[in-house]
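Reader: Could we go through this structure together? I would like to start with its pockets and then turn to the backbone.

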Amino acid sequence: MDTRRIVDSHFHIFDLSVRNAYPNQNASHGFPSEEQAEINRSHTVEEAETTLAQSGVRTGVFVQCYNDCPEEMDWVFKEAEKHQFLKGVVGGLDLTKHDKMKADYCKVLQKQRPKFVGIRHLIDFEEDDFLTRADVHAGLKILSKNNLTFDLQSYPATIQHIPLIAAKFPQLKMVIDHIAKPDYVQGGFEQWAKDMAEAAKFKNVYCKLSGLINEVPFWSVDSFKPYVDHCLAVFGVTRCMFGSDWPVCKLAQPHADYKKVLKLLEDLTEHLTEEEKNLIFFQNVIDFYGLEGVE
């Protein structure tokens, strides 16, 4: 690994005892589950900072774990008080609860740091047409008006709806997490590739090159090369960004630590110039989320 600067666009922290005490318990609060034995324990901000630093990563963005959970955001902000590496927070607010959403984000916008940068709604707990709903669009309009971003926790059946919201809200920057989780094992590359290309036509749509390593048992670089190459081709190097998805990445078989996740994307982008790599691993994340104080 060289000495390039790296910002991790996507990591998680959670405390299981705190999680269990959150109000408004819903299906998303089942993460991590007993079946996810490798990560079914608390993962602290201290462990995250140490893990990233061991790979030379000095800055990261926290992304929500739980739907409709402003209490998670409050906890993360408190945990981040003494940890300068955490520069951005993507919160888990419900796009369909508009008054509550506005009240919750207004509260955290008053905090000095880290910066509240946007929200994610775990749409895999919703119907496939969730992104087409009028109440969801009303929530996205609120994000757009307040210069916040939207993390798309998408999957193949939902990619087709991204052009609709991208066209309707051209000022709203949105990013597809985990390259929309294509089915690497059972196939479907052609349809996934077509839908991603349609989404990429909209310049306000970005793509996280994240969440790969734990999706293919006994993975190799070649397992992901056609997918990452396609994302780079349709989104371009200016709209793709590195994300580790730590600690979920530890579910990989065989086990993969943070360094292996980083090395995987370095191998998948080895053909790019240093300037292009700098965009993917560093600058694009800063620009997309509007991060401040990144060295």
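Predicted model: local features only at pLDDT ≥ 70, side-chain atom pairs only at ≥ 80, totals over all residues.

Reader: How much space lies in the largest pocket?

Author: The largest pocket holds about 390 Å³ of space, and among the 21 residues that line it, Phe31, Arg120, Leu122, Asp124 and Gln153 are the closest to its centre. Its lining is made up of 7 nonpolar, 9 polar and 5 charged residues.

Reader: And which residues lie nearest the centre of the second largest pocket?

Author: Those are Gln112, Arg113, Pro114, Lys115 and Glu292, out of 13 lining residues, and the elements that give two or more residues to that lining are strand E3 (86-91), helix H4 (98-109) and strand E4 (115-121). The space in this second largest pocket is about 210 Å³.

Reader: Changing topic, where is Pro32, and what kind of peptide bond joins Phe31 and Pro32?

Author: Pro32 sits in the loop between helix H1 (16-21) and helix H2 (45-54), and the bond joining Phe31 to Pro32 is cis, with omega about -10°. Another cis bond runs from Gln253 to Pro254, with omega near -5°. For background, most peptide bonds are trans.

Reader: What about phi, say for Asp68?

Author: Asp68 is not a glycine, yet its phi is positive, about 50°, and it lies in the loop between strand E2 (59-63) and helix H3 (70-79).

Reader: Is Asp68 buried or exposed?

Author: Asp68 counts as buried because its relative accessible area is 6%, and the cut-off for buried is under 20%.

Technical notes: Residues numbered from 1 in each chain as written. Heavy atoms only, no water. 1 Å grid on protein atoms, 1.4 Å probe; cavity = no way out; pocket = protein on both sides within 12 Å on 5 of 7 lines; lining within 4 Å. Points joined across faces, edges and corners; volume = space filled by probe spheres on them. Nonpolar A, V, L, I, M, F, W, Y, C, P; charged D, E, K, R; others polar. Helix = DSSP H or I, 4+ residues; strand = E, 2+ residues; numbered from the N terminus. Buried < 20%, exposed > 50% of the residue type's maximum accessible area, 1.4 Å probe, protein only.
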